[in-house]
Amino acid sequence: MTEPCVEVRNLRKRFGPVQALDGISFALRPGEVHGFIGPNGAGKTTAMRIIAGVDIADSGDVFLNGESLQDHPEQSHRRIGFMPDYLDSYPGILVWEYLDFYARVFGTGRDERRRRLDDVVAFTGLATSLEQPVAGLSKGWKQRLSLARVLLNDPTVLVLDEPAAGLDPRARVELRDLVTELARHGKAVFISSHILSELAEMCTAVTIISEGRIRSSGAVDALRQTVDQGRRLAIRLLGPTPDQCRRLALFLSESPRIVAVEELASGAACSITGDDDFKAQLLAALVAEGFSITDFHDAASTLEEAFMAMTEKEARHE
């Protein structure tokens with residue numbers, strides 16, 4: 001595993017009586033698409049704004065390649081690109097004028113500015129929209145423009161707050177492809193979204209936050225294994241009826257090496273603590289018991305299931 005490029009250490013932030021962040025810590029790594037998951041009001045945007053240097057934490061710090069951003073805040077603006085969940089309308093400004101303005105803000109020389117503009121326009125596909133007014137762009141094209149602005153100074157870390165919000169299905173796919181390509185080029189991409197199935201398709205790591213506290217952080221597969229309590233199996237029956245599915249779930253729950261049995265409309269799912277030998281024995285036992293099995297395979301929890309299980313478990317402990 002590569003060393004972290006960003007380390008968030010014990011961030012706390014309060015807004016009046018509300019504790020928005022309650023000592024959160026996690027890490028981001030180069031080449032990683034890291035999903036940030038949590039319900040509304042969990043503290044996602046507050047954390048992202050602090051990492052990007054837009055807001056200041058009450059305590060704690062963010063380290064970029066070991067360097068404190070509290071002591072050197074200018075590094076966050078040079079090496080971290082922040083894409084908020086909105087783009088101002090900028091009436092009367094054309095797309096190329098918008099990009100040229102921000103390229104100048106970043107302080108690049110003329111030749112470098114021209115090269116960076118050409119690169120980001122080509123990468124985001126904005127070439128045909130350069131003469132259009134920013135205010136007249138669709139939501140999808142505004143998101144492309146916002147991403148292009150973020151990329152102008154070639155940051156090593158990208159912080160994207162709900163970039164897919166309001167996009168149509170095609171625009172979401174295109175945005176996902178752009179994000180995946182950026183990670184392939186070694187950038188750390190920190191991205192929040194309410195569309196968990198979308199994050200599952202591109203994220204290699206996730207951090208789950210709820211009520212200002214981190215519930216889990218790490219590789220997606222590790223999170224699923226924690227929730228599944230072992231290897232998760234999906235079992236489908238031939239012509240399943242409610243009684244057959246109930247009987248299958250009951251049969252599975254009687255084994256001490258099977259946990260977390262879930263009755264499904266098509267059969268059942270469960271987590272096992274055994275190896276492949278146990279799986280073979282289980283399949284043979286199910287057939288001997290008279291169950292007509294049409295499908296029997298490993299099936300990790302979805303990101304949505306993992307998120308729900310993690311936050312529900314934490315809520316019960318509070």
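**Reading strands, helices and pockets in a predicted model**

Colleague: I see that in β13 the residue opposite Glu263 is Ala268. In which sense do strand β12 and strand β13 pair, and over how many bridges?

Modeller: This is a predicted model, in which local features need pLDDT of at least 70, side-chain atom pairs count only at pLDDT 80 or more, and totals for chains, interfaces and linings use all residues. Residues are numbered from 1 along each chain as its sequence is written, and side-chain values use heavy atoms, with hydrogens and water left out. Helices (H or I, at least four residues) and strands (E, at least two) are DSSP runs numbered from the N terminus, and two strands pair if DSSP finds at least two bridges between them. Here β12 (residues 258–263) and β13 (residues 267–272) are joined in the antiparallel sense by four bridges, and the hairpin that they form has three residues between the strands.

Colleague: What is the order of the strands in the open sheet of four strands?

Modeller: The order is β2-β1-β4-β5, and the pairing is antiparallel.

Colleague: Why is strand β9 described as largely enclosed by the rest of the structure?

Modeller: The term to apply is burial: a residue is buried under 20% relative accessible area, exposed over 50%, and partly exposed in between (1.4 Å probe, protein chains only). In β9 (residues 205–210), six of the six residues are buried, so the strand is largely enclosed by the rest of the structure. Ala205, Thr207 and Ile209 point one way from β9, while Val206, Ile208 and Ser210 point the other way, and all of them are buried. Strand β3 (residues 33–37) runs parallel to β9 and is joined to it by four bridges, with Phe36 having Thr207 as its bridge partner. Strand β10 (residues 213–219) runs antiparallel to β9 and is joined to it by six bridges, with Ile214 opposite Ile209.

Colleague: Which residues of helix α4 are buried, and which exposed residues does the face turned away from them carry?

Modeller: An α-helix has 3.6 residues a turn, so residues three or four places apart point the same way. In α4 the buried residues are Arg113, Arg116, Leu117, Val120, Val121 and Thr124. They cover an arc of only 125° around the axis (taken from the directions from the helix axis to the C-beta atoms), which puts them on the same side of α4. The face turned away from this buried side carries the exposed residues Asp111, Arg114 and Ala122. With 15 residues (110–124), α4 reaches 21 Å from its first C-alpha to its last, close to the 21 Å expected at 1.5 Å a residue, where the expected span is 1.5 Å times one less than the number of residues.

Colleague: What volume does the largest pocket have, and which residues are closest to its centre?

Modeller: On a 1 Å grid over the protein atoms alone, a pocket is an open set of points where a 1.4 Å probe fits, with protein on both sides within 12 Å along at least five of seven lines, and lining residues have an atom within 4 Å of a point. Grid points are joined across faces, edges and corners, and a volume is the space filled by probe spheres set on the points. The largest pocket has a volume of about 450 Å³; of its 21 lining residues, Val54, Phe82, Pro84, Tyr102 and Arg149 are the closest to the centre. Two or more lining residues come from each of α2 (74–79), β6 (80–83), α3 (95–105) and α5 (139–151).
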